[in-house]
Amino acid sequence: MKTIFANKGSEVKRDWYVIDANGKTLGRVAAKAASVLRGKNKASYTPNANNGDFVVIINAEKIQVSGNKPTDMMYRHHTGFVRGLRSYSFNELIARHPTDPLRRTIAGMLPHGRLGRKILGNLKVYAGSEHPHAAQNPKPLEV
């Protein structure tokens with residue numbers, strides 16, 4: 001039996017999936033989305049190629065975290081200027097940018113480099129329940 005490796009030239013069938021994050025746990029939604037984005041749910045999984053599917057996540061503003069994480073979990077970024085480190089709690093970040101905690105969590109579960117940035121382009125996150133990808137006929141994905 002011959003092992004098949006997918007590469008840039010091969011035709012890969014990409015499906016679209018939609019995940020409703022309303023009331024779901026942040027880590028569980030992110031782990032499922034990262035797995036599908038990476039293509040680990042397919043028999044033709046290749047670790048060094050972008051063969052994953054597209055994932056649309058709706059209701060990102062209604063994602064849940066457990067315990068004291070809404071106030072204790074800190075997200076940080078640097079502005080690039082001297083003393084420019086900015087910190088936000090989960091509650092502050094979800095109020096300011098509702099899609100950001102989910103996108104950051106999924107990005108942390110993907111490869112850190114060119115491939116990971118390319119795969120992250122297949123992720124679409126929306127704060128509300130509406131999304132503009134109805135023409136792709138996304139299948140619901142249960143978490």
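**Exercise 1. Find which residues of helix α4 (residues 100-108) are buried, and what covers them.**

Step 1: The buried residues of α4 are Asp100, Pro101, Leu102 and Ile106. Buried means under 20% relative accessible area, exposed over 50%, and partly exposed in between (1.4 Å probe, protein chains only). Helices (H or I, at least four residues) and strands (E, at least two) are DSSP runs, numbered from the N terminus.

Step 2: Their cover includes α1, β2, β3 (74-78), α3 (90-96), α5 (114-120) and β5 (123-125).

A word on the model: it is predicted, so local features need pLDDT of at least 70 and side-chain atom pairs count only at pLDDT 80 or more, while totals for chains, interfaces and linings use all residues. Residues are numbered from 1 along each chain as its sequence is written, and side-chain values use heavy atoms, with hydrogens and water left out.

**Exercise 2. Find the salt-bridge partner of Asp100.**

Step 1: A salt bridge is a side-chain nitrogen of Lys or Arg within 4 Å of a carboxyl oxygen of Asp or Glu.

Step 2: Asp100 pairs with Arg104, with 3.1 Å between the closest N and O atoms.

Step 3: These two are 4 residues apart in α4, so about one helical turn separates them. Arg104 is partly exposed at 30%.

**Exercise 3. Trace the network of salt bridges that includes Asp15.**

Step 1: Lys13 and Asp15 meet at 2.5 Å, N to O. Lys13 is exposed at 63%, whereas Asp15 is buried at 15%.

Step 2: Asp15 also meets Lys139, at 3.6 Å, N to O. This pair links distant parts of the chain, 124 residues apart: the segment before β1 (16-20) and strand β6 (residues 139-140).

Notes
Contact = heavy atoms within 4.5 Å.
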